[in-house]
Amino acid sequence: MTRNNHISIRQLLLGVCTAGALLFTSACAQNSTFGSGTSGESSSSSVAIAVMYPETGQYAEYGKMFKQGLDLGVKQVNADGGVQGKKLELKYFDTQSDPKQTAAIAPKIAADKSVVAVVGDYSSGASMAASPTFQQAKLVHYGFNNSVSDFTSTGDYVWTPQFSQAVFQKQNAELVAQKAKKIAAVYIENDWGKSAYAEFKKEAKKLGISIVYESSYLADSTDLSPILIPARDAKPDAVVHIGYGPDGALVVNTLRDKLGYTGLFYGGQITQEYIKLSGSNGEGTRLIGPFTPDSTNPNAAKFVKAFRAAYKTDPGEFNQTSYASIIDLAYGMNKTSATREGVEKALKTVDDFPCYVGTKTTFKFNQSTRRMDSTSFLKLELTDGKFQITD
Amino acid sequence: MVDTLITGFMHGNAYAIVALGMSLIFGVSNVANFAHAAVFGMGMMIAWWLGSVLGLGIVPTIILVALITGLIGLLLNTLVISPLQNRPSVAALLATIGVGMILDNTSQMIFGTETRSFPELLPSHNIEFLGVRIGTSDIVMLLLTVAIMASMAAFLKYGKMGQAIRATAQDTQAAKQVGIPVKRIQNISFVIASAFAGVAGIFVGMFNSNVSPTSGSSVGMTAFIAATIGGLGSMPGAVVGGLTLGIVEALGVYAFGDGAHDLITFGALIIILLVRPNGLFGKKQVLHEPMTGSFSGGAKPYRIPRWLGPILIVAALVAPFLATDYFSSVGIQIMIYAMAAMGLTMVSGSAGQVALGQAGPIALGAYTSAILVGQLHASFLVGVLCGGLVAAIFSSIITFPVWKLSGHYIAIATIGVGSITVALIRVFEPITKGSLGITGIPFPQLFGFTLFTPQLQYVLVLTFLLIELLVITKIRKSHLGKTIESIGNDPVASESIGIRTSAYKALAFAIAAFFAGIAGALMAHQYTYIDPSMFPFATSSLVLTIAVLGGLSSPVGTILGAIVLVGAPELLRFMSGGRIIVYGVLLILIIIFRPQGLFAKKE
């Protein structure tokens with residue numbers, strides 16, 4: 001019995017030592033970050049924007065698109081002289097867009113004094129789990145991909161350049177109403193899809209469109225025939241899809257290849273992924289868009305040129321929003337100061353942020369919703385493998 | 001209607017062809033191989049590469065894919081499954097989840113993350129048939145499914161090798177004694193099954209038309225359910241299960257929309273298992289030892305000496321005030337997951353039942369407290385306690401029928417129950433706001449004081465954790481605890497002395513669900529936002545893994561398990577892209593080299 005106890009204590013101590021060593025390593029890791037952050041606060045020649053994004057995991061493809069846009073943005077800012085003479089840096093944190101990881105990493109970002117703003121994450125769940133920490137630290141959380149209506153509700157340090165779905169879906173419904181009176185609608189079952197579709201439905205009813213079939217679908221469903229068969233059989237003038245690229249391609253491919261549907265299709269997404277996946281089935285896809293590589297907006301045209309030079313491919317919506325987020329923040333800081341306070345002040349006061357979406361060339365923030373003020377969008381049609389402006 | 005049936009049948013065939021391999025491996029090695037889905041996904045991506053980048057035709061693609069995935073199967077068996085041969089089945093189950101993680105991430109690194117179109121190796125939409133277009137590829141897939149099923153069934157029944165495989169499955173020791181080379185037999189069956197998985201990937205790739213490195217796992221989970229519905233280990237069962245599930249899903253989704261998809265899939269699983277506890281074609285299982293077997297039986301938790309306990313507690317209390325906020329926030333995540341897992345030392349440790357659906361009670365606790373405190377303005381403590389109670393009551397009710405099942409069927413049924421819970425939360429929109437999620441959940445508030453710093457929240461969560469530790473330890477030592485343990489050690493003996501095993505299993509589960517609910521509530525008040533997508537199967541498997549790694553017989557061990565499993569991704573942050581792969585390898589190594597758990601010694 002005593003002998004047993006001895007062994008257990010010895011092994012326990014071993015365990016405790018191991019755990020201690022682990023903790024010590026982690027503490028060191030933190031301290032180095034923390035230390036360099038505090039010491040580098042005012043004297044340093046660079047400032048940083050922290051990025052929470054899915055580098056790995058199921059959303060990694062979006063993470064990749066974000067990184068392309070963000071890297072290009074920061075390169076451009078530094079080529080143009082940085083922010084207030086300082087070099088702008090990005091500090092990337094892979095979160096897999098998992099709230100458990102964003103909540104954990106947020107205080108580390110907040111404690112790093114060289115960080116003047118945070119951008120990301122991909123999903124609103126992951127983003128919003130981190131927002132309260134940034135709110136307390138008085139650090140602006142700029143959720144450039146978070147269009148869900150409640151995103152900025154955490155507090156006055158949470159902002160997004162995403163336009164509201166109310167404005168966007170109104171114009172979307174108007175586009176559909178031009179050619180269709182009777183539609184079938186499918187939308188992705190998540191926070192964004194749900195609220196976007198609710199807005200669309202409201203506006204569509206106002207315009208006298210009758211919705212003869214509707215269903216949501218789960219993001220990981222691989223066969224959508226069971227909802228698209230009744231959609232087709234309702235004999236609509238058009239099928240409207242509200243969702244992302246891969247699922248949009250699945251919808252249009254199923255409709256055209258499997259179910260022989262030949263009517264109009266609204267939806268998809270302005271990404272190369274959608275264009276490639278839908279191929280010839282996607283031709284004629286119509287949608288309202290904030291951005292297209294062929295945009296006539298001069299800011300957007302400049303961005304497209306730079307993006308093509310850097311990556312030898314056309315940019316999509318995710319590249320554009322992530323790129324613009326860095327440009328916005330740098331532009332703002334250059335008008336105020338390259339500090340956390342400067343970022344917040346800029347979002348509140350600057351009224352001519354360069355605008356990359358729709359046709360306007362500048363935008364300001366709506367101070368009560370902390371979102372981009374209303375804007376106009378482009379009417380697009382997929383022709384010859386490109387989203388082209390139509391009327 | 002007929003067209004819906006046809007597409008359902010074809011989709012079901014895609015499940016069936018994947019389910020065949022899963023059932024084969026289960027029949028031979030008694031392993032619920034969760035990595036099979038990843039092997040299948042890998043086959044799909046390799047075929048994409050061969051077909052579109054190299055432009056190979058269907059025949060060379062099939063041959064090469066079968067060779068490569070067969071090799072993966074061989075490695076899987078020799079490196080991971082074989083070393084776990086004489087261990088309880090849950091060890092292999094968790095290890096295969098780790099392997100799946102590694103394979104999926106490797107595939108993402110090799111092939112890139114985007115969704116892409118699968119090459120049309122055979123025409124896919126050339127036959128017009130009662131309102132839908134199917135393709136030569138679909139017909140070939142169907143023929144292939146039937147051929148594999150028939151040949152495997154005949155081979156197992158009449159072939160010499162097949163008989164050896166079956167003998168090995170029935171009694172490994174006896175098979176060894178009559179001179180069957182068991183190792184080689186198991187290797188061969190892993191190779192065959194994995195090669196089938198790869199070939200299935202080719203045809204399902206053509207069926208889905210769009211593929212990405214992660215599409216394997218979503219089809220894989222459904223295929224696993226199909227194999228279970230059909231009866232694990234039965235070849236005809238896998239096919240009938242796949243087709244049944246495909247048709248039920250198609251009809252259900254046709255009627256209720258795809259938003260109810262999970263509810264239909266997992267609902268079908270539970271209902272079929274209630275009627276046929278061993279699946280449609282499964283034979284009555286011989287009473288195996290509990291899946292968690294010697295994880296608890298052969299191990300004894302370390303004891304913390306009396307003098308050390310208070311020191312550790314004080315150290316844990318003081319640490320956040322000496323370290324950074326980052327320490328506190330990581331600490332909070334670790335402790336919340338430790339809380340969710342600790343109760344499993346009763347269910348999986350004492351009662352020997354594998355529960356793979358803890359995301360269910362966690363979500364229930366989170367939603368209850370979010371609604372009570374955030375919308376009805378109840379006090380924080382009331383919200384959290386009600387979170388625990390609702391989780392315990394609701395989860396116990398919908399899990400109750402599951403305890404009549406045995407072995408792997410319980411593990412898979414609990415996956416179903418966890419998913420159904422989350423699916424119901426999604427559907428009950430008026431109360432839960434469904435997919436929109438609940439925002440603005442207040443930070444914890446005690447006696448009018450808001451705990452808004454990470455340090456204070458850390459102390460709060462630590463307090464809850466210590467209370468749970470005390471309660472669980474007391475229960476384990478009590479008469480009740482011993483009764484529950486007797487069920488795990490010998491279910492037959494305990495039945496024969498008049499213990500109602502189902503009732504006690506349900507009670508143990510209710511206790512675990514109560515604390516998981518509290519953990520969920522604390523999570524909600526820390527994130528301040530929740531939506532149904534935050535409670536996936538990965539949460540359930542993480543919670544079980546924490547309990548197993550910590551040592552199923554040791555509540556303190558779960559804390560250590562959580563430090564490793566929740567803390568490691570943070571510590572490995574410096575490695576960037578490869579960190580999830582390293583994490584998976586770490587997980588497998590611990591399972592292999594510390595079978596009794598981190599905080600227990602072998603007896």
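How many salt bridges are counted between domain 1 of chain B and domain 2 of chain B? In this predicted model, the count between these two domains is 0. The assignment divides chain B into domain 1, spanning residues 2-257, and domain 2, spanning residues 294-602. Their centres, taken over C-alpha atoms, are separated by 32 Å. Contact between the two involves 29 residues of domain 1 of chain B and 25 residues of domain 2 of chain B. About 2300 Å² is buried between them, and carbon and sulfur atoms give 84% of this area. Polar contact across this interface is found for 3 residue pairs, both residues being at pLDDT 80 or more. On the domain 1 side, the elements of chain B that give two or more residues are α3 (58-81), α4 (89-111) and α9 (215-230). Of the domain 1 side, α4(B) gives the most, with 14 residues.

The domain arrangement of chain A was examined in the same terms. The area buried between the two domains is about 910 Å², with carbon and sulfur atoms giving 52%. On the domain 1 side, A:Tyr62, A:Phe163 and A:Glu317 lose the most area to domain 2, together accounting for 37% of what that side buries. Between these domains of chain A, 0 salt bridges are found, while 3 residue pairs, both at pLDDT 80 or more, are in polar contact.

The interface of chain A and chain B was considered next. The contact draws 73 residues from chain A and 69 residues from chain B. Between the chains, about 6000 Å² is buried, of which 60% is given by carbon and sulfur atoms. Across this interface there are 4 salt bridges. B:Glu429 and A:Lys194 meet through their side chains in a salt bridge, with an N to O distance of 2.8 Å. Polar contact across the interface of chain A and chain B is found for 26 residue pairs, both residues being at pLDDT 80 or more. On the side of chain A that touches chain B, helix α1 (residues 2-39) of chain A gives the most, with 12 residues.

A:Arg371 is placed in strand β14 (residues 371-372) of chain A. The residue is buried but has no salt bridge. The nearest side chain of opposite charge, that of A:Asp150, is 7.5 Å away, a distance beyond the 4 Å limit for a salt bridge. A polar atom of the A:Arg371 side chain does, however, lie 3.1 Å from the backbone oxygen of A:Ser147. With residues up to four places away in sequence left out, A:Arg371 touches A:Asn146, A:Ser147, A:Val148, A:Ser149 and A:Phe151, together with A:Thr160, A:Gln162, A:Phe163 and A:Ser164, and also A:Lys364, A:Phe365 and A:Asn366. One of these neighbours, A:Phe163, is also among the domain 1 residues of chain A that lose the most area to domain 2.

Methods: Residues are numbered from 1 along each chain as its sequence is written. Chains are lettered from A and ligands numbered from 1 in the order in which they are written. This is a predicted model: local features need pLDDT of at least 70, side-chain atom pairs count only at pLDDT 80 or more; totals for chains, interfaces and linings use all residues. Side-chain values use heavy atoms; hydrogens and water are left out. Helices (H or I, at least four residues) and strands (E, at least two) are DSSP runs, numbered from the N terminus. Buried means under 20% relative accessible area, exposed over 50%, partly exposed in between (1.4 Å probe, protein chains only). Lys and Arg count as positive and Asp and Glu as negative; His and the chain ends are not counted. A polar contact is a pair of N or O atoms within 3.5 Å; within protein, one must be able to donate a hydrogen and the other to accept it, and residues adjacent in sequence count only if both atoms are side-chain atoms. Contact means heavy atoms within 4.5 Å. Domain bounds come from an automatic or database domain assignment. Buried area is the accessible area (1.4 Å probe) that two parts lose on being put together, summed over both.
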